[in-house]
Amino acid sequence: RARARARARDAGLELLPSSPLLHAEADVATWCDRFGFPAVIRPGVRGAARSVVAHDLATACRALVAAGQAGAFVERALPEARHVAVIVVGDGVGNAIHLGEHEASIVGPAGVRLRECPSAGVDAALREKLGMGAADFVAAWRFFGAASVHFLIGPDGVPWFLDVDPGLPEGFGLHDLVYGTDLVGAQVSLAAGEELGWDQDE
């Protein structure tokens, strides 16, 4: 996540105010005091633990301990934020396209997370900004294959980079259905040494 954040910053994406990677509870306390509560405790490595919205120092420190050797970032919380993910595909040599976004903030019955593609809360201008920002980000990284680039969008409509998740993302079938793409086939073709074969204008 530290490298992804640095690359996102280099690509011109907005990042929420955050600490450096921390491993000591005293440092977590310092940064929580700086940002105030609630604060987000985000593990330094994706999958090391769950991100936690902490409303007190004890919860923040427990989240740090749960992250283990990966450490954690303390991030300023963004109240009432929506989570939107953009699917991208890169060819590993500096070319990438985006395949639209889906809303990942909708929680259905029994806490099941639902996805809406395209997001009804994203207008044409924001869609262009999210999509091209995500594509430029992975292109500069010379990323190979499919991934999802995640953003938080606050009430003011400003998108903030959250994370990047390499590999076939959850909800990719929904994008295939909406946009007529074949993400699995695209990954197979890239792995066989073929060109991406898609143009963003398509």
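What follows H3, and is its phi positive or negative? H3 is followed by Gly68, with a positive phi near 65°. The model is a predicted one, so to speak of local features takes a pLDDT of at least 70, and side-chain atom pairs count only at pLDDT 80 or more, while totals for chains, interfaces and linings use all residues. Residues are numbered from 1 along each chain as its sequence is written, and side-chain values use heavy atoms, with hydrogens and water left out.

Helix H3 itself covers residues 57-67 (helices are DSSP runs of H or I with at least four residues, strands are runs of E with at least two, both numbered from the N terminus). At its N-terminal end sits Asp56 as a cap, with a side-chain oxygen 3.2 Å from the backbone nitrogen of Ala58. Thr59, Ala60, Cys61, Ala63, Leu64 and Ala67 are the buried residues of H3 (buried is under 20% relative accessible area, exposed over 50%, partly exposed in between, using a 1.4 Å probe and protein chains only). These buried residues pack against helix H2 (25-35), E1, E2 and E3.

Those three strands make an open sheet in the order E2-E1-E3, paired antiparallel (pairing needs at least two DSSP bridges between two strands). E2 (52-54) and E3 (72-76) are the edge strands, each with a single partner, so one side of each has no neighbour in the sheet. E1 (residues 39-43) is joined to E3 by five bridges, and Val40 stands opposite Glu75 in E3.

Most residues other than glycine have a negative phi, and most peptide bonds are trans. Phe37 and Pro38 are joined by a cis peptide bond with omega about 0°, and Pro38 is in the loop between H2 and E1. Another cis bond joins Cys117 and Pro118, at an omega of about -10°. Glu80 has a positive phi near 60° and is exposed, at 70% relative accessible area. Arg142, in the loop between H4 and E7, has a positive phi of about 55° and is exposed at 52%.

Terms used:
Contact = heavy atoms within 4.5 Å. Polar contact = N/O pair within 3.5 Å; in protein donor to acceptor, adjacent residues only side chain to side chain.
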